[in-house]
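Here are a few friendly notes to read alongside the model. Have it open on your screen as you go through the points.

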Amino acid sequence: MAHIKVNAIGDACPIPVVKATKALTEMKEAGTLEVQVDNEIAIQNLTRLADGKGLKSRSEKLGDKLFSITMEVADPVFANSGDVSCHVDARGDYVVAIGSDCMGSGADDLGRTLMKGFIYAVSQLETLPKAILFYNGGAKVTVEGSVSIEDLKSMEAQGVEILTCGTCLNFYGLTDKLAVGSVTNMYAIVEKLAGAGKVIKP
């Protein structure tokens, strides 16, 4: 029987859920998954995660601002299925459109650093976008090796649609390298832009 322990102390929603889901995905045998957090909201979200996957769970308070939830995993394959989400929908009526892996013009190295900072800043907003669209050089931001993958996965876990132009991925030879979100087409991109209350383009 495996016993996996995950430290999510100090992590804000949805990071504890993301970490727990990743740990469940990596479990190869039956056992338990214990996640330690420092707030009751995280316990509620993790309990919802367990319930959604059909796992028995129990939580306890270990100390001041220290909580633990343990999930019983009888069938790792079954436990690995399902979506990652938090109970709060923090999305607003706006869309972010990213057409390059660089922000601004001038030095590309600086531009890539700025784009990483921009995406991180978006992920920290109180109100997240409905969707983030990636096209042309922006397709490079959602593939393996991108420094922004974890920030994008965090937003995706909170309901933000991460959509990358399929034609663009194909053009750059990155079709098989997509690491977050899903592939889309130009018609869908236009629909998202047209239906947004506001569009932000870095």
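1. The model is a predicted one, where local features need pLDDT of at least 70, side-chain atom pairs count only at pLDDT 80 or more, and totals for chains, interfaces and linings use all residues. Residues are numbered from 1 along each chain as its sequence is written, and side-chain values use heavy atoms, leaving out hydrogens and water.

2. β1 and β2 (residues 31-37) run parallel and are joined by 6 bridges. Strands here are DSSP E runs of at least two residues, and helices are H or I runs of at least four, numbered from the N terminus; two strands pair if DSSP finds at least two bridges between them.

3. The open sheet has 4 strands, ordered β1-β2-β4-β3, with mixed pairing. β1 (2-7) and β3 (56-63) are at the edges with a single partner strand each, so one side of each has no neighbour in the sheet. From one strand to the next, the twist averages 20° (axes are lines fitted to C-alpha atoms, for helices over the stretch in contact; angles run from 0 to 180 degrees between N-to-C directions).

4. Helix α1 (residues 15-26) lies across β1, β2 and β4 (66-73), at about 160° to β2. Helix α2 (residues 40-52) lies across β2, β3 and β4, at about 5° to β4. Contact means heavy atoms within 4.5 Å.
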